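Let's take a walk through a protein model together. Have a look at it first, and then we'll go from a helix to the cores and end at a loop.

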Amino acid sequence: MRQQRFARKWLIAGSAGLLLVQPVLAAQQAVTNPQVVAAVGGEQGLPVLSIPEVQVNKQQPQKTPQLSPVEVIARQKSSFADFAKRVSGVELPVFGQELFQSALSTFAPLDAIQVNGDYLIGPGDEIQLRGWGMVDIDITSTVDRNGSVYLPSVGSIKVAGIKYRDLQGYLKKAISRVFTNFDLTVSVVQTRSVQIYVVGHAVRPGTYTLSSMSTLLNALFSSGGPSGSGSMRAIQVKRGGEVITMFDLYEMLARGDKSKDIALQDGDVIYIPPVGPQVAMVGDVKHPAVFELKDKTSLADAVEWAGGFLSSAPQREVIVEKSVDNRYQTVAELSGAPGDIRGKLATLPLVSADVVRIVAPGSVAVEAQKQREFVKVAGEVRNTGVFQIQKGETLRELMARLGGVTDNGYLFAMSIRRETVRLQQQVKLDEIADRFEKEIQTAATQKLSGTTDRDLAATTKAELDRQQHLADKMRSVKASGRIVLELDDANAGIKNLPDLPLQDGDSINVPRMPGTVDVLGSVYQQNTFIYKPGRNANDYLALAGGGTPGGDKSEMYVIRADGTIRSVNNAGWLSRVGGQQINPGDTIVLPEKVERSSWTQSFKEWTTILYQFGLGAAGLKVLKD
């Protein structure tokens, strides 16, 4: 009977409560009284619970202007850290301050995050209810000062102290006393604000308006944390004149324990007292810093705060030194297993103003002595792979031990590459490129400053561009680390290999006999030709069509397969380069005729360097491209 009566009437939510009226009367009141809103609950005329939107002056969480990193660091400045720097010569951070420096960019106010299930509803929270079924509910209501929300036709329901996870079932049970056969959802659309006070030695003390979900840590982040004179270990939250928690940041930083980080309430006072006794730790620990003491503190505690010993330290021997009269004096020499050392450190107390240095002798980086050395052998060798070498074993001895080369192996073109040689070569290449670039810039500047002739200036500029292009090419050349073996000719055998001691990491490669010869440079047809015994450089030059009118035959040279060079400078006065016998894999180069100038001379010097470094035709191609 009661449900039929609700079906014939409209439920209208007004500013004073819920009115039961006829549809015509509802329409009239909606026109004459803007505080009353009529809502139709669908085609079936279901009851509707709704509250008109009323503009409420809500206190929003305070948008505190952030300090710049420079301002925060200035206020975190510690006088004891300055003292420790003068004593140790090392600038040390105060343990824990980095947490608040990074908060400048990572801390976000708690005004738009999901409400935790343990959140307790209280005055000022804005709650939204939506229901469907036998009743249409769409209400947004603010919890009043008495901790209640008002629902039309249901009345006031006390919700203060109810956990958010229990709120939906709690309200549904209350509404079920009036309505049946409906479903309900409840959410908190706006949490209340709390006003708290941060006092004492904070980076920025003052009054803060925060979300009611804020905790002590949130307030510390908002205020920048303890200043350089503030304590990290005795932060108090006072409520009603009593200290309700004492928070030690070290527990969270060192062990991840934030159990003392309580939720804040309106009117809470956060007090940061002056910093307690401090010590400094330097040396072979992961995070040297300034630490604050609390109660009885041992050296083991400080080492734990510092992240422990360096990962490179074997932790079998530790020397502890303290600064006494501005001089480090050894106070303990500990040895044993890591657990034993920690136990001994726990017996060494720390006192205010100690500057301690930890020395773990094994943590000093020195080159490890290799007990076993290996080389890599590839190509046309009877046994290839990675092989252990004996101390002092030479290239010739190793190749003999591996059975020599295969029938197709070309020992004359064997290459051995070494990383230490490559690094040295690259340093020299870079130095020469730097010197060349500096010289061409200086020469061009001098020429341009001493002339007013436009044509000469343009010529100088063009020459500078060519030289700069060459310098760029020089920088692109990478050293190979090849060691030139200086073998006689293509008939070289194992017995002709030099007694070169091998080193760990050497890479040895014996290529297949190529059967070809390359001709490059100012010839009519740069090409690769089939090798035939008895042919000399002039024969292959003829096969390439001979030199062009721009070719300089007097500067012709041969890059031999073993990495050496045959040129007019080393061919001998009875034999010219053209008459040199050619080996398989050799490269004949006929340079262009160019005007003698500083940059062409530099080019020749550079190509000589490439040959000396075993880069040969590959390096030359880089410069000529």
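Start with helix H12, where the buried residues (under 20% relative accessible area, 1.4 Å probe, protein chains only) are Val421, Gln425, Gln426, Leu429, Ile432, Ala433, Phe436, Ile440 and Ala444. A helix here is a DSSP run of H or I with at least four residues, and a strand is a run of E with at least two, numbered from the N terminus. H12 covers residues 419-449, and its 31 residues reach 45 Å from first C-alpha to last, close to the 45 Å expected at 1.5 Å a residue (that's 1.5 Å times one less than the number of residues).

A quick word on the model: it's predicted, so local features need pLDDT of at least 70 and side-chain atom pairs pLDDT 80 or more, while totals for chains, interfaces and linings use all residues. Residues are numbered from 1 along each chain as its sequence is written, and side-chain values use heavy atoms, without hydrogens and water.

Now for the cores. A nonpolar core is a set of buried Ala, Val, Leu, Ile, Met, Phe, Trp, Tyr and Cys residues joined through side-chain atoms within 4.5 Å. The largest one has 44 residues, and Leu345 is one of those touching the most other members. Helix H9 (residues 299-305) gives the most to this core, with five residues. Apart from it lies another core of 27 residues, including Leu395 and Leu500.

Finally, find Asp506 in the loop between strands S22 (482-483) and S23 (507-510). Asp506 counts as buried because its relative accessibility is 1%. A polar atom of its side chain lies 2.8 Å from the backbone nitrogen of Gln503.

How values were computed. Buried means under 20% relative accessible area, exposed over 50%, partly exposed in between (1.4 Å probe, protein chains only). A polar contact is a pair of N or O atoms within 3.5 Å; within protein, one must be able to donate a hydrogen and the other to accept it, and residues adjacent in sequence count only if both atoms are side-chain atoms.
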